[in-house]
Amino acid sequence: AASGSSGVLGTVLAGAASAALYAGGMALNDHADRDVDAVERPTRPIPSGRVLAATAFAIGEGLQVAGIALAGASGGRRGAARAAVVSAAVHNYDYVAKRVGGTVAAASMAGCRAADVLLGATSVRAGLPSAAVIGAHTFAITKVSQHEVEGGSPAAARAALAVCGCVTTAALAVTARRARKDPWSALVGAAPLVVYAVPFARAARRASQEPTPANN
């Protein structure tokens, strides 16, 4: 539909679109990594032979198309356009940026997550703060996880810990402002923040102290 759906149905469709794009991206990620995984992670579905590479690719692309269609049903042409941007970001990360690696790959992954947040925003301007927070968080964890096979330097983990602190501080500032008008809503919003910050900070601290593959 040109105008899309509103209310509960629109929210459900937008959530389904995001889930489809995310799941499709995971399938395409495995397809793009099949040669590397054959050496580093031979037990993964494609290298082990449990899933054919062509099947993973078909599933991934099918879910990308489904995600764009669902976003269109939720938000009309604008929703479909935003979903297409998410899909393009997913393809760029899986097949281009990840081969470059380093900061380029981390920034590309952050862009995927930020674009996904904007998919459900009422407007790009309204969604930018949340998208920026998610993008910063994603950039940090991606930089650390790039060393999950061979281990890395403590610097990346320390940087991730710093980002976690910045993200948490920014979110707390927003929550504090909200508490003036709606204390209960602020409390509900603060709870997930604690669930995010504590495990992330602990993991980043472990990786900074001992940057082994297991900790990264």
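The accessible surface of the protein comes to about 11700 Å², and carbon and sulfur atoms account for 66% of that area. These values come from a predicted model. Of the 216 residues in the protein, 35% are buried.

Among the contacts in the protein with a separation of 6 or more, 67% are accounted for by residues 24 or more positions apart.

Several of the residues in H5 are buried, including Ala105, Ala106, Ser108, Met109 and Ala110. Further along, Cys112, Ala114, Ala115, Leu118 and Leu119 are also buried. The buried residues of H5 pack against helix H1 (7-32), H4 and helix H6 (124-145).

One of these partners, H4, can be followed in detail. Two packed helices are described by the angle between their axes and the distance between the axes. For helix H4 (residues 53-100) and helix H5 (residues 102-119), the axes come within 9 Å and cross at roughly 170 degrees. Angles over 145 degrees count as roughly antiparallel, and H4 and H5 are therefore roughly antiparallel to each other. The contact of H4 with H5 has 16 nonpolar residues, along with four polar and three charged ones.

Key: Residues are numbered from 1 along each chain as its sequence is written. This is a predicted model: local features need pLDDT of at least 70, side-chain atom pairs count only at pLDDT 80 or more; totals for chains, interfaces and linings use all residues. Side-chain values use heavy atoms; hydrogens and water are left out. Axes are lines fitted to C-alpha atoms, for helices over the stretch in contact, and angles run from 0 to 180 degrees between N-to-C directions. Helices (H or I, at least four residues) and strands (E, at least two) are DSSP runs, numbered from the N terminus. Angles under 35 degrees count as roughly parallel, over 145 as roughly antiparallel, 65 to 115 as roughly perpendicular and the rest as oblique. Ala, Val, Leu, Ile, Met, Phe, Trp, Tyr, Cys and Pro count as nonpolar, Asp, Glu, Lys and Arg as charged, and the others, Gly among them, as polar. Buried means under 20% relative accessible area, exposed over 50%, partly exposed in between (1.4 Å probe, protein chains only). Contact means heavy atoms within 4.5 Å. Accessible areas come from the Shrake-Rupley method with a 1.4 Å probe; for residues, only the protein chains shown count as cover.
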